[in-house]
Amino acid sequence: MIRASGTAGFHGHPETVASSRLANAVAASLAVAALSLCLIVTLTVLSTKATMAMGLPV
């Protein structure tokens, strides 16, 4: 069985499917999301440490 050239696989040249503005917007939104997540985790850890330092009221 002989396979026709160029019908399967990744032999072709890569094509740009999204504009650079869209790629930059996605990268920026991912960066903002990562920064927000880090800030939320930091605030959670700090508030937990502060709560544990106060002790339980009796």
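Author: Leu30 lies in helix α1, which covers residues 20-54; helices here are DSSP runs of H or I with at least four residues, strands are E runs of at least two, and both are numbered from the N terminus. The model is a predicted one, where local features need pLDDT of at least 70, side-chain atom pairs count only at pLDDT 80 or more, and totals for chains, interfaces and linings use all residues. Numbering starts from 1 along each chain as its sequence is written, and side-chain values use heavy atoms, with hydrogens and water left out.

Leu30 is exposed, at a relative accessible area of 57% (exposed is over 50%, buried under 20%, partly exposed in between, with a 1.4 Å probe and protein chains only). As for the whole protein chain, 0% of its 58 residues count as buried.

Now the helix itself: α1 has 35 residues and spans 51 Å from first C-alpha to last, close to the 51 Å expected at 1.5 Å a residue (that is, 1.5 Å times one less than the number of residues).
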